[in-house]
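Good morning, colleagues. I would ask you to look at the structure on the screen while I take you through it.

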Amino acid sequence: MVQDTKRKKVIKNRITKNKKQHYYCEICNIRFIENYTYQAYFSNLNQQIVLLINEGLGIRSTARILKISNTTLLKEL
């Protein structure tokens, strides 16, 4: 019975201008999209940045390989 109430705590919230469904978690108060298309939102991005920088790649080449902007890369560093 407890699981049923927790399962219903994630609800549909709104639709973005790109027609993606936003969800809202009533437990932790976080809005999220199920499938992100923008590369900078991936959870393992920081690990990939550190790996490529340690291998000797520059800022521009690392950003190009990860398909993110130079500004986003510098913010993550």
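What pLDDT does the protein average, and how many of the residues score at least 70? This is a predicted model, and the protein averages a pLDDT of 78, with 78% of the residues at 70 or above. Confidence is lowest in helix H1, residues 2-7, where the mean is 50. It is highest in H3, at 90. Where pLDDT is low, the predicted coordinates should not be read in detail.

Let me turn to the overall architecture. The protein has four helices and three strands, and along the sequence their pattern reads α-β-β-β-α-α-α. Of its 77 residues, 22% count as buried. The protein exposes about 6500 Å², of which carbon and sulfur atoms supply 52%. As for contacts between residues at least 6 apart in sequence, 16% join residues at least 24 apart.

Is Ile65 buried, exposed or partly exposed? Its relative accessibility is 49%, so Ile65 counts as partly exposed; the class of exposed residues begins over 50%.

Which residues does Ile65 contact, once neighbours within four places in sequence are left aside? They are Leu52 and Leu57. Finally, Ile49 is 16 residues from Ile65 in sequence, and the C-alpha to C-alpha separation of the two is 9.9 Å.

Thank you for your attention.

How values were computed
Residues are numbered from 1 along each chain as its sequence is written. This is a predicted model: local features need pLDDT of at least 70, side-chain atom pairs count only at pLDDT 80 or more; totals for chains, interfaces and linings use all residues. Side-chain values use heavy atoms; hydrogens and water are left out. Buried means under 20% relative accessible area, exposed over 50%, partly exposed in between (1.4 Å probe, protein chains only). Contact means heavy atoms within 4.5 Å. pLDDT is the predictor's confidence in each residue, from 0 to 100. Helices (H or I, at least four residues) and strands (E, at least two) are DSSP runs, numbered from the N terminus. Accessible areas come from the Shrake-Rupley method with a 1.4 Å probe; for residues, only the protein chains shown count as cover.
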